[in-house]
Amino acid sequence: MSKTALITGATSGIGKATAELFAANGINLILCGRRQERLDNLQSALGSKTNVLTLNFDIRDRSAVSEAIGSLPDNTEIDILINNAGNAHGMDTIDQGSLDDWDAMLDINVKGLLYISKAIIPQMVERKNGHVINIGSTAGKEVYPKGNVYCASKHAVDAINQGMRLDLNAHGIRVGAVNPGLVETEFSDVRFKGDTDRAENVYKGFQALRAEDIADIIHFVVTRPYHVNIADLVVMCTAQASSTIVNKNL
Ligand code: NDP
Ligand code: 8X3
């Protein structure tokens, strides 16, 4: 029987590419985001390949999260949860950073991930079946200048990933993280608040990862046999060696 995956942040970048690849492989989809037009477009584009439901909610809003999950048909069984929604907001030294940006990153990347996990994991525990993939980052493995709070949010994802794996082990639920380095998506547009020149500059002069590269890895992770759990995976483009070392002469 086909599996069902719920993907947060499916309207763009890594989440969208994952939705497209999962659809091509017959995985049923529940796609989440806030941009309704993009959710509608995904439903039309992927609906002929697999079953697609869409949910529009802000992951920061815990009532909206539980209402959205509660609105799914009664017989919905989510086999795979891709905790992907997230962004960086701003890039400033710690003395210059904006409190609104800090709230956004911690509320979305950390608390939002927890809200959706809390809405779905108990059903997995009851069924003793499930697979959770947390999208972390190299920013969760090291800290770079002006990355302070974004890095903190992704270090939290790293800790939550480990904690989930420990706590869900007794229930046979697989938990793992995929931690990408630089991926060219709308990520930097969001980080730099629509300053497209600054955003494009992040990926200039080298071949960054594409959203499709990460989708491919996520699909690999979820298609391993049940006894294989990819617990923690870091992936960078060849030009990148760390958050601050990127070879632009390849
Ligand atoms: P994008 O900006 O392209 O996508 C972000 C997604 O998150 C969108 O679908 C957006 O949907 C959703 N999202 C953002 N805020 C909210 C919110 N408040 N409520 C619900 N959904 C929200 O970025 P990426 O695809 O690059 O990022 C996806 C994940 O990958 C993030 O967790 C990011 O931290 C991580 N990552 C990205 C890297 C990169 O270099 N790009 C590298 C390492 C990790 P909508 O706006 O419709 O709500
Ligand atoms: C995104 C990668 O290096 O911009 O998580 O923080 S980085």
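Modeller: Strand β6 (residues 174–180) is mostly covered, for 7 of its 7 residues are buried, where buried means under 20% relative accessible area, exposed means over 50%, and partly exposed lies in between, with a 1.4 Å probe and protein chains only. Strands (E, at least two residues) and helices (H or I, at least four residues) are DSSP runs, numbered from the N terminus. This is a predicted model, in which local features need pLDDT of at least 70 and side-chain atom pairs count only at pLDDT 80 or more, while totals for chains, interfaces and linings use all residues. Residues are numbered from 1 along each chain as its sequence is written, chains are lettered from A and ligands numbered from 1 in the order in which they are written, and side-chain values use heavy atoms, with hydrogens and water left out.

Arg 174, Gly 176, Val 178 and Pro 180 point one way from β6, whereas Val 175, Ala 177 and Asn 179 point the other way. All of these residues are buried.

Next come the partners of this strand. Two strands pair if DSSP finds at least two bridges between them. β5 and β6 run parallel and are joined by 5 bridges; in this pairing, Val 132 stands opposite Val 175 in β6. Between these two strands the chain passes through helix α5 (residues 148–168), and this β-α-β crossover is right-handed. A crossover is called right-handed if, with the strands pointing away from the viewer, the path from the first strand over the helix to the second runs clockwise. β6 is also joined to strand β9 (residues 232–235) by 4 bridges, again in the parallel sense, and here Asn 179 stands opposite Val 234 in β9.

Strand β5 (residues 131–135) pairs with β4 in the parallel sense over 4 bridges, with Ile 82 opposite Ile 133 in β5. β4, helix α4 (residues 99–127) and β5 make a right-handed β-α-β unit. From strand β4 (residues 80–83), Ile 80 and Ile 82 point one way and Leu 81 and Asn 83 the other way, and all are buried. β4 pairs in turn with strand β1 (residues 4–7), in the parallel sense over 3 bridges, and Ala 5 stands opposite Ile 80 in β4.
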